[in-house]
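Here are some questions about contacts between side chains, each with a worked answer. Look at the structure first, then read on.

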Amino acid sequence: MHPKIGLVAPSLDILGGQGVQACALMDCLATEAYEVAFIPINPRFPSRLQWVRRLRGARTALNESLYASSLARLQHVDVVHVFCASYWSFLLAPVPAILAARILGKRVILNYHSGEAEDHLAHWGPLVHPWLRLVDEIVVPSEYLREVFARHGYRVRVIPNVIDTLGLRYRERSPLRPRLLSARNLERHYGVDVILTAFALIKHRYPDATLIVAGYGREERALRRLAAALGVDGISFVGRQEPLEMAALYAGADVFVNASVVDNQPLSVLEAFAAGLPVVSTSTGDLKNMIGRGGHMPVSPRTTTFVRGDSGLIVPCGDPAAIAAAVAALLEDPDSALAMVRRARQKVDAYTWPYVREAWAATYESGV
């Protein structure tokens, strides 16, 4: 009999990688007859208190109050699986769950996802390390994070992110057209401004080029102003997209672009692999392992060149000209682009449930 899992994570009301990953994991666990109690770190407010969302401090206070009270449900589970980010999010979401689980005598698995782990562990010592020592096991999705945690004295288990490929139809593009897709939220560290500037360069070379920008975030107004200032057409901001809507965007695009400066193992890049999209990306976080040959593809920040990886083209951070050059290289050498796409698709299997199922089973059942 499987242990009952208490899964503490963002719901899809916060549409981001952790929420999507938590939802995918719950669906997979259901196929294995696991009983899962989902406790969102962002509980929905009662209808009479929706107005509180307009008040930043009051919103946080009410969310924490509702969230803390919901943690009482952990008394009915065997294992507490806590999704974890960094900085203030770490204190507001994982810490209360770890404390509640310890009080209730439950085994705790901390599932750390943030690409900002190095800075978090190095500079938030008293606010992070005592809590990490309280958990029974730390699970990370990438070798990149394993190396970060090892430098700080922690042994962790690596279990890759899991993606559902059923909604993503693999298609080889012929001809390959300049139809670009960016699918990261509109936050500064995802570099969407760099993609917009690169697109203006691409547009001068390929007048029929288009760019769809999917996602939402604090930088939306600034990014819309930048897009207008660039003076090119073909840019569409489509906002927040649910997973099924994202599948349609992958199907309609021809090239996936990512310019993040902080990252770990982005689901959007894995989904692009699964949908047959050639990828142009920076190599931050675990992206160097996902895209680069042997996991080590050095890129000079002082050049406007790109590097060919096994599964995509790697560009320096903050370099629109390199992105434009990489996209042009894909369009002008479709045979090489197709070879990269096929290699990328082969990598996707390692991120599907049949490949990670046993690792999660061993993690949940250890010590229970």
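Q: Which side chain meets glutamate 35 in a salt bridge?
A: A salt bridge is a side-chain nitrogen of Lys or Arg within 4 Å of a carboxyl oxygen of Asp or Glu. The partner of glutamate 35 is found 3.3 Å away, N to O, and is lysine 4.

The model is predicted: local features need pLDDT of at least 70, side-chain atom pairs count only at pLDDT 80 or more, and totals for chains, interfaces and linings use all residues. Residues are numbered from 1 along each chain as its sequence is written, and side-chain values use heavy atoms, with hydrogens and water left out.

Q: How many residues apart in sequence are the parts that glutamate 35 and lysine 4 tie together?
A: Helices (H or I, at least four residues) and strands (E, at least two) are DSSP runs, numbered from the N terminus. Glutamate 35 is in the loop between α1 (17-31) and β2 (36-40), while lysine 4 is in the segment before β1 (5-9). The pair therefore ties together parts whose separation in sequence, in residues, is 31.

Q: Is aspartate 263 buried or exposed?
A: Buried means under 20% relative accessible area, exposed over 50%, and partly exposed in between (1.4 Å probe, protein chains only). Aspartate 263 forms a salt bridge with arginine 184, with the closest N and O atoms 2.7 Å apart. Arginine 184 is buried, and aspartate 263 is also buried.

Q: Why does lysine 203 count as buried?
A: Lysine 203 meets aspartate 233 in a salt bridge of 3.0 Å, N to O. Aspartate 233 is exposed, with a relative accessible area of 54%. Lysine 203 counts as buried because its relative accessibility is 11%.

Q: What kind of aromatic pair do tryptophan 88 and tryptophan 124 form?
A: Rings of Phe, Tyr and Trp (its six-membered ring) pair if their centres lie within 6.5 Å; planes under 30 degrees apart count as stacked, over 60 as edge-to-face and the rest as tilted. The rings of tryptophan 88 and tryptophan 124 are 5.4 Å apart, centre to centre, with 85° between the planes, so the definition makes the pair edge-to-face.
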